Amino acid sequence: MRYDSLLDSLGHTPLVGLPRLSPSPEVRIWAKLEDRNPTGSIKDRPAFAMIAAAEADGSLRPGATILEPTSGNTGIALAMVAKLKGYKLICVMPENTSEERRQLLRMWGAEIIGSPAAGGSNEAVRRAKLLAAEHPDWVMLYQYGNPGNAGAHYSGTGPEILEDLPTITHFVAGLGTTGTLMGIGRYLREKVPGIQIVAAEPRYDDLIYGLRNLDEGFVPELYDAEVLTTRYSVGSAEALRRTRQLLDQEGIFAGISTGCALHAALGIATKAQKAGERADIAFVVADGGWKYLSTGAYEGTLDEAEDRLEGQLWA
Amino acid sequence: MAVQVSIPTILRTYTNGAKRVEATGGTLQELIANLDTDHPGLAERLLENGELRRFVNVYLNDEDVRFTGGLTTPLSDGDAVTVLPAVAGGRK
């Protein structure tokens, strides 16, 4: 397929069946390969959309500086666009994110401001908000509250999935900014009566949650619980196990958050199979495994891999 | 009706440092009340005006209880309840 530029090649990613992991011809699981986007993750969609919207409303002008709290993929997507369009990008990123993400950001010319590992993404968001207040000339796109994030999925990813899978009964994705689930979820709810929208939320170890004060938690401004049917918490052990299962049985080399979504998808599939109900379950492969090689997630036993992931933000 | 309850680090001052405690209750509400009897002060950290606090997430067998009936969610013997602070997520 031919496009005028890399930016124009966004989206229209493949939806592939998982014949070995699906329990039966009546209960099928489908993977939306969002790693097949320009910078290799689903985050290209919101990043491109948020920049386009800020350019259109005049808040983003030539030569401007963009500020964004991100633990990786959104930053990488923004960095590539910023490079092509002549913006400067500053990312506020937790220190416990993989080296690959840092190198990719630097490669596209982004500046990284570290936030303490113990605070996770909550702390990155807090620091970015403080910086934005100190530098009113910087443009914070703010993926956690920018309607363009969910909007990119409402107008792009959602219609693509429905076109490829009109018989869809369940949609599953990882929960972070909540943009993917809000956008695709709203679209599918409007078009498919009875569809179930299921969130798979990464559950980290104590090192990540350790210092979180319960009064200082964070719920993204985009989040609307009404869009979801339910929400599962998936620990790193299950996420790793499913990430490897996807590689072993279906040949798909995905990032660890994909294992998190697949775990929920397989749980739904088992339930449907037991109940004797037909199901077409689509879930999101948010990115490939490349950026997580240095975490050791794909080597040695699962226990070893889990130990190596301790204290790291893997989604 | 024993239920295993995972306690986040920040609340382990109420459980003498225990990461997991056992409690009983036919519903989540009863469970939290019973937990508070054994570990005074814990309920107040989880609830506000009779509802789960905004930044507290509670999961029953890994499913968010806000989607399973909230505090009225029924519990069974052998269930696992996990309490976690709300976080912003990772990579996204």
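This is a predicted model: local features need pLDDT of at least 70, side-chain atom pairs count only at pLDDT 80 or more; totals for chains, interfaces and linings use all residues.
Local features are taken at pLDDT of at least 70 and side-chain atom pairs count only at pLDDT 80 or more, while totals for chains, interfaces and linings use all residues. Residues are numbered from 1 along each chain as its sequence is written, with chains lettered from A and ligands numbered from 1 in the order in which they are written.

Let's begin with the overall division of chain A. Its domain assignment, with bounds that come from an automatic or database source, gives domain 1 (7-36 + 157-309) and domain 2 (44-140). The C-alpha centres of domain 1 and domain 2 of chain A lie 24 Å apart. Their contact takes 17 residues from domain 1 and 17 residues from domain 2; two residues are in contact if their C-beta atoms, placed from the backbone, lie within 7 Å.

Now look at the open sheet of four strands in chain A, with the order β5-β4-β3-β6 and parallel pairing. Strands here are DSSP runs of E with at least two residues, and helices are runs of H or I with at least four, both numbered from the N terminus. Two strands pair if DSSP finds at least two bridges between them. β5 (111-115) and β6 (139-140) of chain A each have a single partner strand and stand at the edges, so one side of each lacks a neighbour in the sheet. Helix α4 (residues 120-134) of chain A packs on this sheet and touches β3, β4, β5 and β6 of chain A, and its direction makes about 140° with that of β4(A). Such angles run from 0 to 180 degrees between N-to-C directions, with axes fitted to C-alpha atoms, for helices over the stretch in contact. Within the sheet, β4(A) and β5(A) pair in the parallel sense over five bridges, and A:Val92 has A:Ile113 in β5(A) as its bridge partner.

Next comes helix α2 (residues 73-85) of chain A. Its 13 residues should span 18 Å at 1.5 Å a residue, and its end C-alpha atoms are 18 Å apart, so the two agree; the expected span is 1.5 Å times one less than the number of residues. Of the 13 residues in α2(A), 10 are buried. A residue is buried if 20 or more other C-beta atoms lie within 10 Å of its own, exposed if 12 or fewer, and partly exposed in between, with C-beta atoms placed from the backbone. Among the buried ones are A:Ile76, A:Leu78, A:Met80 and A:Val81. Their cover includes α1 (44-56), β3 (65-69), β4 (88-94) and α3 (99-107) of chain A. After α2(A) comes A:Gly86, whose phi is positive, near 80°.

Strand β7 (residues 170-174) of chain A is mostly covered, with five of its five residues buried. In a regular strand the side chains alternate between the two faces of the sheet. Both faces of β7(A) are covered: A:His170, A:Val172 and A:Gly174 are buried on one side, and A:Phe171 and A:Ala173 on the other. Five bridges join β7(A) to strand β8 (residues 196-203) of chain A, and the two run parallel. In β8(A), A:Ala199 stands opposite A:Ala173.

That brings us to the nonpolar cores, which are sets of buried Ala, Val, Leu, Ile, Met, Phe, Trp, Tyr and Cys residues joined through C-beta atoms within 7 Å. The largest has 95 residues, and those touching the most other members include A:Val172, A:Ala173 and A:Phe283. Helix α9 (residues 256-275) of chain A gives the largest share of this core, 10 residues. The core draws at least three residues from each of domain 1 and domain 2 of chain A. Not counting residues up to four places away in sequence, A:Phe283 touches residues including A:Ile29, A:Val172, A:Ala173 and A:Leu262. A second, separate core of 19 residues includes B:Ile7, B:Ile32, B:Leu42 and B:Tyr59.

Finally, some loop residues. Most residues other than glycine have a negative phi. A:Tyr142, in the loop between β6 and α5 (147-164) of chain A, has a positive phi near 55°, and A:Tyr142 is buried, with 21 other C-beta atoms within 10 Å. B:Asn16 also has a positive phi near 55°, but B:Asn16 is exposed, with 8 other C-beta atoms within 10 Å.
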